[in-house]
Amino acid sequence: MTPVEMLGVFAAGVGAGAINAVVGSGTLVTFPVLLATGLSPLTATVSNALGLIPGAISGAIGYRRELAGQARRVRRLGVGSALGGIAGATLLLTLPVEAFETIVPILVGLALVLVALQPLISRKMRDRRRPQGRPARRDGGWPLFTGLTLASVYGGYFAAAQGIIYMSLMGLVLDEPLQRLNAVKNVLVAIVNTVAATFFLFVAEFDWTAVALIAAGSALGGQLGAMTGRRFSPVVLRSLIVVIGSVALVQLLLR
């Protein structure tokens, strides 16, 4: 890489780390930049997955206050995320790109609709539970576990808008503020990135310059995102998710 390209990759890493900590979709910042430096799509994907791990961990640490009391939930959902991440990484190396290019925009679009309508849907679900005396499961039960596991398959494959899908699924079934769900999302993303990148270490070729630059940038961005993101009200955070997710959806459709 030239010095200018290295600076661009580092800056993209900072931006991706901040966006991932607050919303998700940071991959849509780093991935095009890596391609612009001349990396192949596969090398860019695996290098990006490994480079974003410090950013995901940094964002999770930045939201540690919101993680209080959620250890059991994180452990349960983390198992599904790890399994899904390994499956997605395997699919990346075995399936043609066209297979996921078709379904990814549909998943992202559906997630955006769920995020936008989450207050209404959650209220309807609470109203249905109340007459029957059925409290909400603190961990979301098997529906959430299954949904997040499947979303993690996609995360291990490409990861763009992965966090938005997580937020939409958790927001539907968990009676928690968005900031607490965002904290869980950061941990799950870190798990998926870590297991997928560990798998790639044995079977794929990395660009270690790109990995180092994205890692340093995303670690810094994760802290910046956590500092600013927790100040957002639920309405602002939900609006930000929808706006950034919509941009992500347009990029995916135009790829």
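Reader: By class, how many nonpolar, polar and charged residues has the lining of the largest cavity?
Author: This is a predicted model, in which local features need pLDDT of at least 70 and side-chain atom pairs count only at pLDDT 80 or more, while totals for chains, interfaces and linings use all residues. Residues are numbered from 1 along each chain as its sequence is written, and side-chain values use heavy atoms, with hydrogens and water left out. A cavity is a set of points on a 1 Å grid over the protein atoms alone where a 1.4 Å probe fits but cannot get out, and its lining residues have an atom within 4 Å of a point. With Ala, Val, Leu, Ile, Met, Phe, Trp, Tyr, Cys and Pro as nonpolar, Asp, Glu, Lys and Arg as charged, and the others, Gly among them, as polar, the lining of the largest cavity has five nonpolar, eleven polar and one charged residues.

Reader: What is the volume of the largest cavity?
Author: The structure holds three cavities of 30 Å³ or more, and 17 residues line the largest of them, with N20, G24, S25, Q162 and V189 lying nearest its centre. A volume here is the space filled by probe spheres set on grid points that are joined across faces, edges and corners. For the largest cavity this volume is about 120 Å³.

Reader: Which helix gives the largest share of the lining of the largest cavity?
Author: Helices are DSSP runs (H or I, at least four residues) numbered from the N terminus, and strands are runs of E with at least two residues. Two or more lining residues of the largest cavity come from each of helix 1, helix 4 (53-62), helix 8 (162-173) and helix 9 (178-203). The largest share, four residues, is given by helix 9.

Reader: What helix gives the most to the lining of the second largest cavity?
Author: The second largest cavity has a volume of about 90 Å³, and of the 14 residues that line it, the closest to its centre are T45, A49, G155, F158 and A159. The elements that contribute two or more residues to this lining are helix 2 (27-36), helix 3 (41-51), helix 7 (141-157) and helix 9. With four residues, the one that gives the most to the lining of the second largest cavity is helix 9.

Reader: How many charged residues has the lining of the second largest cavity?
Author: Sorted by class, the lining of the second largest cavity has eight nonpolar residues and six polar ones.

Reader: How many helices has the protein, and how many strands?
Author: Read from the N terminus on, the elements of the protein run α-α-α-α-α-α-α-α-α-α-α. In its elements the protein therefore has eleven helices and zero strands.

Reader: Why do W142 and F145 count as an edge-to-face pair?
Author: Rings of Phe, Tyr and Trp (its six-membered ring) pair if their centres lie within 6.5 Å, and planes under 30 degrees apart count as stacked, over 60 as edge-to-face and the rest as tilted. By this rule the count comes to three aromatic pairs. The rings of W142 and F145 have their centres 5.3 Å apart, and because their planes stand at 80 degrees, the pair is edge-to-face.

Reader: Is F145 buried or exposed?
Author: W142 and F145 both lie in helix 7, three residues apart, which is about one turn of the helix. Buried means under 20% relative accessible area, exposed means over 50%, and partly exposed lies in between (1.4 Å probe, protein chains only). W142 has a relative accessible area of 55% and is therefore exposed. F145, by contrast, has a relative accessibility of 15%, so F145 counts as buried.

Reader: What share of the 255 residues of the protein count as buried?
Author: G51, found in helix 3, has 0% relative accessibility and so counts as buried, and Q179, whose place is in helix 9, also counts as buried because its relative accessibility is 13%. Of the 255 residues of the protein, the share that count as buried is 53%.

Reader: How many Å apart in space are G80 and T149, C-alpha to C-alpha?
Author: G80 has its place in helix 5 (residues 71-94), and its relative accessible area of 0% is why G80 is buried. In sequence, G80 and T149 are 69 residues apart. In space, C-alpha to C-alpha, the two are apart by 4.6 Å.

Reader: What separates the C-alpha atoms of G51 and S218?
Author: Along the chain, G51 and S218 are 167 residues apart. Their C-alpha atoms are separated by 7.6 Å.

Methods:
1 Å grid on protein atoms, 1.4 Å probe; cavity = no way out; pocket = protein on both sides within 12 Å on 5 of 7 lines; lining within 4 Å.
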